[in-house]
Amino acid sequence: MARFDYDLGILGGGAAGLTAAAGGAQFGAKTILIEKSAQLGGDCLHFGCVPSKTLIRTAAVRSLVKRCPEFGLPSPALPPVDLGAVMDRVHAVVEEIQKIDSKERFCSLGAEVRFGEAAFADEHVVVLDGRRISAGKWIVATGSSPAIPPVEGLRDVPFWTNETVFSQRVLPPRLLVLGGGPIGLEIAQAFGRLGSKVTVVEFLDQILGPEDADLADILRTRLEAEGVEIWVSTKAVRARMRGAAIVLTVAPAAGEGEPRDIEADALLVATGRKPNIAGLGLDAAGIQVTGRGIPTDKRLRTNIRHIYACGDVNGQFPFTHVAGYEAGIALANAILHLSREADYGKVGWCTYTDPEVASIGLNEKRARKEGIEYVVREEPFGTNDRALAEGETLGKIKLLLSPGGGR
């Protein structure tokens, strides 16, 4: 029987990797977790959920103060925002949570933690800093990173991504956001509320493409009322500098119409994510990949049965809670030798704008795509007592029911 250094090896110290490491060690498996960066926590802690929601909260507080007259209160005088001070609070929150996602904590749970870039040498062995490390089972949980579109000249201008926006110290007078998905819109609204003049450029014919158009339109109404300019059905053609300003040439996505220039002081690129698979030596392990990432079966196994892939890297759902869920499924199969399968039928997700756009399970777009019949029931917030009392009447609850069950 083959003997290995570890029962379970994990590549990636984000949501999926940390869940697997804690669970594996506590289940009694000899576990090693390898993270390429200098700290654990992954994208969610350092560049995603935590800093973005902290920034969103700060911007929401300022926005609410500006609404004082709506609540019968005197209008306050608000000085310009010090973005550096705002980001100091963002980083303080991250650092506090980092204590939980620390090497010391996971070592205390029984897992070994190492930092550096590891690559497979074969289906059981990775090489880290020249050392060969073998494990009976592996979980690849290396996450994703910003996908940069092939726009002419884009890489020659100083654009931001979600990995750099939280290190900014000066609020730009004009912010251009390329991409009308969750990341782009959350940052767009936050910066707009802090004082930037924001323009969003989206290739599709609506913001939040996977969401139902009626819900996306509710959010668009609020964003435009707050001064955010939104261009849909618009493609980026070319980026360049004009003095200290960034100029993005855009044109109608359908190809009809004249191009025009948008000038800004800063550019955020939020056009999607790509799986972090480069440099992992997946070929050496025989692991198959696609453009979406590492495909798996319902038990989260790759084509190599003792190697699993969880979180953003497998291309299913790019959500922190899904990554943790998948890690639990993989762990149950790899270490407890159960036969659990992932079920994505009731995945919940939320875009943390104001109003939030949240759902569980199927919306109309997904139901139609799957050929599922349904009826719709809606209740607008404008008739709800609490919504009226809190001054939050924009929005609605929307339910999809099986035909015959909606009476």
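Visitor: In which sense do β8 and β9 pair, and over how many bridges?

Guide: Happy to. β8 and β9 pair in the parallel sense, over five bridges. Strands here are DSSP runs of E with at least two residues, helices are runs of H or I with at least four, and both are numbered from the N terminus. Two strands pair if DSSP finds at least two bridges between them.

A word on the ground rules. This is a predicted model, in which local features need pLDDT of at least 70 and side-chain atom pairs count only at pLDDT 80 or more, while totals for chains, interfaces and linings use all residues. Residues are numbered from 1 along each chain as its sequence is written, and side-chain values use heavy atoms, leaving out hydrogens and water.

Stepping back, the two strands belong to an open, four-stranded sheet with parallel pairing and the order β10-β9-β8-β14. β10 (229–231) and β14 are at the edges with a single partner strand each, so one side of each has no neighbour in the sheet. From one strand to the next, the twist averages 15 degrees. α6 packs on this sheet, touching β8, β9 and β14, and its direction makes about 165 degrees with that of β9. For such angles, axes are lines fitted to C-alpha atoms, for helices over the stretch in contact, and values run from 0 to 180 degrees between N-to-C directions.

L268 counts as buried because its relative accessibility is 0%; buried means under 20% relative accessible area, exposed over 50% and partly exposed in between, with a 1.4 Å probe and protein chains only. Not counting residues up to four places away in sequence, L268 touches W160, T161, N162, V165, L175, L176, V177, L178 and I187. One of these, W160, is 108 residues away in sequence, yet its C-alpha is 4.5 Å from that of L268.

The largest nonpolar core holds 31 residues. Such a core is a set of buried Ala, Val, Leu, Ile, Met, Phe, Trp, Tyr and Cys residues joined through side-chain atoms within 4.5 Å. L55, L175, F191, V198 and V200 touch the most other members. Two or more residues each come from α3 (49–66), α4 (83–98), β8 (174–178), α6 (182–194), β9 (197–201), α7 (213–225) and β14. α6 gives the largest share, six residues. Another core, of 27 residues, lies apart from this one and includes I10, L33, A323 and A327.

For contrast, there is also an open sheet of three strands, ordered β11-β12-β13, with antiparallel pairing. At its edges stand β11 (234–242) and β13 (260–264), each with a single partner strand, so one side of each is left without a neighbour in the sheet. Here the twist averages 25 degrees from one strand to the next. β11 and β12 (residues 245–252) pair in the antiparallel sense over eight bridges, and R238 has T249 of β12 as its bridge partner.

Methods
Contact means heavy atoms within 4.5 Å.
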